[in-house]
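Today I am opening my notebook on charged side chains and their partners. Come along and look with me.

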Amino acid sequence: DEEQVVTVDEQSAVNRTGSVFSSKLLRAEEEVLGAGGTVLRLAGMYNLAPDRNSFFLKGGEVERRGDSLLGLVGYDDVVRAMMMAIEKDRKS
């Protein structure tokens, strides 16, 4: 049974038939963007404290299909991205 591989990026259409939670997030994003704000979509955040993602960081290798992705971003990088977005909003 072969799965269809789909690439998703910032230009991809949004699936509006998702969960109630994702629908609320989309509405909140639209409100923020409509007011001239900036939206950052973050997933897979981690730090060095043990949590649900830390097992990915210990082994250095994660067994997955060759076409799958594992998106993790460190808390420090998230803070830097937020600060850059805030600074950009101040300048515009």
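First I wrote down my terms: buried means under 20% relative accessible area, exposed means over 50%, and partly exposed is in between (1.4 Å probe, protein chains only). By that rule, arginine 41 is exposed, with a relative accessible area of 57%.

A note on what I am reading: this is a predicted model, where local features need pLDDT of at least 70, side-chain atom pairs count only at pLDDT 80 or more, and totals for chains, interfaces and linings use all residues. Residues are numbered from 1 along each chain as its sequence is written, and side-chain values use heavy atoms, with hydrogens and water left out.

Next I looked up salt bridges (a side-chain nitrogen of Lys or Arg within 4 Å of a carboxyl oxygen of Asp or Glu). I found 3 salt bridges by this rule.

Entry one: arginine 41 and glutamate 29 form a salt bridge, 2.7 Å from N to O. Arginine 41 sits in the loop between H1 and strand E1 (45-46) and glutamate 29 in helix H1, so this pair ties together parts 12 residues apart in sequence. Helices (H or I, at least four residues) and strands (E, at least two) are DSSP runs, numbered from the N terminus. Is glutamate 29 buried or exposed? I noted it as buried, at 16%.

Entry two: arginine 80 pairs with aspartate 77 in a salt bridge, with the closest N and O atoms 2.4 Å apart. Both are in helix H3 (residues 75-91), 3 residues apart, or about one helical turn.

I noted arginine 90 as exposed at 64%, while glutamate 87 is partly exposed at 35%.
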